[in-house]
Amino acid sequence: AKMKGGAKNNKVPPFVKKLYDILQDPNNRNYIEWSEDGSYFTVKSSKDFEADILPVYYKHNNYCSFIRQLNTYGFTKTDTKKWQWKNESFHRDKPQNLTNIVRRTSVKRERSQVADDQDDDEVPLVVVNVEDDINNHNIHNMHDNIHNLHNNNINNNNNNSALMNNNVNSSSSNVSSNNSSTNTSPLNNHHSYASNS
């Protein structure tokens, strides 16, 4: 981004600044953390990160939008099978380089143009070649949902088995009770007859 007169804007983009703050907070290490050398970072669980971290720092809880923003600011994946991202100007020990990270000019906005100095962390962007990442995120969520449904079915089956056992025990008790009533009935009739005599 540039200021009026063509001078470079030395401000750190809000999205980048918040991302750096997230990584610097030790309370977030269960969700996201730096690599040992601080040259890249890893999102441990996209689902948990989306639910617990994004709403706190950004104005949305959409991991797909987060991916788009990363691509918008020149971040690339270090491992296609993991949520690991890097940018040569984004380093744990070199915060002074954050001002070198700028939005790509080739990005097409879905909304009207936003001023360079406006907080754009929640503006949805469309970036080429991020569909695979977004699809992977959706697939992960789908697998999680299937796993949860499977666990719920197991729990329901266990509950149904316990309920059936209770019903069987209850039925057995009722049968015993009826047998007792039947056995005492003739005696009661005999006493009744004797008293009448």
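Which residue's side chain meets that of D21 in a salt bridge? The partner is K17, with N and O 2.9 Å apart, where a salt bridge is a side-chain nitrogen of Lys or Arg within 4 Å of a carboxyl oxygen of Asp or Glu.

This is a predicted model, in which local features need pLDDT of at least 70 and side-chain atom pairs count only at pLDDT 80 or more, while totals for chains, interfaces and linings use all residues. Residues are numbered from 1 along each chain as its sequence is written, and side-chain values use heavy atoms, with hydrogens and water left out.

**Salt bridges**

| Pair | N to O distance |
|---|---|
| D21 and K17 | 2.9 Å |
| K44 and E33 | 3.7 Å |
| D93 and R92 | 3.2 Å |

D21 and K17 both belong to helix α1 (residues 14–24) and sit four residues apart, about one turn of the helix; helices (H or I, at least four residues) and strands (E, at least two) are DSSP runs, numbered from the N terminus. D21 is partly exposed at a relative accessible area of 31%, and K17 is partly exposed at 38%, where buried means under 20% relative accessible area, exposed over 50%, and partly exposed in between (1.4 Å probe, protein chains only).

**The nonpolar core**

The largest nonpolar core has 25 residues, of which L19, F41, F49, F66, F75 and F90 touch the most other members; such a core is a set of buried Ala, Val, Leu, Ile, Met, Phe, Trp, Tyr and Cys residues joined through side-chain atoms within 4.5 Å. At least two residues of this core come from each of α1, β1, β2 and α4 (63–72), and α1 gives the largest share, six residues. Beyond its neighbours within four places in sequence, F90 is in contact (heavy atoms within 4.5 Å) with residues including L19, W34, F41 and F75.

**Helix α4**

Nine of the 10 residues of α4 are buried, so this helix is largely enclosed by the rest of the structure; among the buried ones are F66, I67 and L70. At the start of α4, a side-chain oxygen of N62 comes to within 2.9 Å of the backbone nitrogen of C64, and just after the helix, G74 takes a positive phi of about 85°.

Note on methods: A polar contact is a pair of N or O atoms within 3.5 Å; within protein, one must be able to donate a hydrogen and the other to accept it, and residues adjacent in sequence count only if both atoms are side-chain atoms.
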